[in-house]
Every structure is written in structure tokens, then in C-alpha cells.
Amino acid sequence: MTDGGDHTRAIADQLCATRLGHPVRVAVDGITASGKTTIAAAVASAVNAIGRPVIHLTMDGFHHPRVHRHRQGRMSADGYYEDAYDFDALIRHVLRPLGPDGSGRYRRSIIDLASDTPTAPDTVLAPSNAVLVVDGTFLHRPPLTEHWDRTVFVDTDFDTARARGIERDADLLGGPDKAADAFDLRYHAASRRYLREVHPWLSATFVVDNRE
């Protein structure tokens, strides 16, 4: 486990030393509001500073449409765990094309989350020596696991993540009380199921302590 300013530098050094003949596909995983996007952006910046091309994607662009992800109820924890993310689309449009024998052409997103509308199906050609960094929740779940070359688990306790999430999402979710309910009933209830069933820290290449 790493922490402080050393974690992104140490991870970036190891990623940049990895040569696979195709982009290095890296997951940055953690419970909701653990700081995944911040850590992923820092790793991507450190990789770029070393001199490797870097691609940073977020799972926000690979959600199912709203009607699908809320089909078990807006506050359903099982609905969030089972229906929120389109992992098959991520594999089809990103992870396989950037893996061994892939075309090298990938999509940056399939949906605009705010408007709940599909994004243009344009593809981008990735350099073969790029480092792909994808941040999101539940990224150590099958069938994703066979497609990552390296993974990061951002280790944050629920109280810290809950406070961060309420502050971040209060305006979006209708105020602090509604945000707290969303985290307690949906996001973190699903995250607890994920930790209980998958134990992602055991299989992660890197574990980052992000409690502070």
C-alpha cells in the first residue's frame, strides 16, 4: 500500500516501464467518492510527465441509459451494482481494441451522462505505447478482470467517502439530506456488496491509501 505524494509517482514509474506491444490498460477502482478520478488524473499526469502517451477515460461515459440503470428503483443498491455501468460496451469499444491483436481504435464514451443521450460513435487511434487509465467503481468485477493489464484500488473508508460525496453531489441530488440518502441507500450499499463479494484490494496491482 502506498500513500502521500509517492503513490502516483511510483505507479507511473512502473506503468511506464511496462512494454506490451499494445497500450497498458489500467483500472483505477474504489468505492463511490473514494477519490478515484483524482488519483487517476494524477497518475495520468505523472505518466505524461515521464513521456509516455496517456489516455484517461472515466466510467461516467460508459453508463447504461437512465431507464436501464434505474429499472430496479432510483435508490436501489442492487440496481446500481447490476445496472449502472455498461461493462460490455467498455470491453467492446475500449479494452479489446487496445489489447493484444486489437485495432488500436477506441471510443472515449458511449453516453453523455447529464443529458442521457448517446455520444457520437467516433473512434480515436491510440499510440501503441500509450497508457490507458480508466477510473470507475466495480472495475475488479468479471468480465473486466481479464482485460486489465494493471489495476489500482483506492482505499478509502466509508465515512470519509460519504462526507466527500455529499459535499460533491448535494446540488446535483437535491441537497445534503437527499445526497446522504443516495449514498447510504444506493451508492455505498452497492459498494459494500462489491467489497464483500469481490475483495478488490486482494487482486489489485497497487493499493493507494486515500483516507486523508
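Helices (H or I, at least four residues) and strands (E, at least two) are DSSP runs, numbered from the N terminus. This is a predicted model, in which local features need pLDDT of at least 70 and side-chain atom pairs count only at pLDDT 80 or more, whereas totals for chains, interfaces and linings use all residues. Residues are numbered from 1 along each chain as its sequence is written, and side-chain values use heavy atoms, with hydrogens and water left out.

**Figure 1. Overall fold of the chain, with eight helices and nine strands.** The radius of gyration is 17 Å, close to the 17 Å given by the globule rule for 212 residues, so the chain is as compact as a globular protein of that length; the radius is taken over C-alpha atoms, and the rule is 2.2 Å times the number of residues to the power 0.38. The C-alpha trace spans about 45 × 40 × 30 Å along its principal axes. Of the 212 residues, 52% count as buried, a term for under 20% relative accessible area, with exposed meaning over 50% and partly exposed in between (1.4 Å probe, protein chains only). Residues 24 or more positions apart supply 75% of the contacts with a separation of 6 or more, where contact means heavy atoms within 4.5 Å.

Figure 2. Ala40 has 0% relative accessibility and counts as buried. Beyond its neighbours within four places in sequence, Ala40 is in contact with Val28, His56, Val133 and Asp135. Asp135 is 95 residues from Ala40 in sequence, yet the two C-alpha atoms are 6.2 Å apart in space.

**Figure 3. The loop between β7 (131-136) and β8 (150-155), which holds Pro143.** Pro142 and Pro143 are joined by a cis peptide bond, with omega about 5°. Phe138 is found in the loop between β7 and β8. The phi of Phe138 is positive, about 70°, although this residue is not a glycine. Phe138 is buried, its relative accessible area being 0%.

**Figure 4. Asp101 in the loop between α5 (87-95) and β3 (105-106).** Asp101, a residue other than glycine, has a positive phi near 65°. With a relative accessible area of 84%, Asp101 is exposed.
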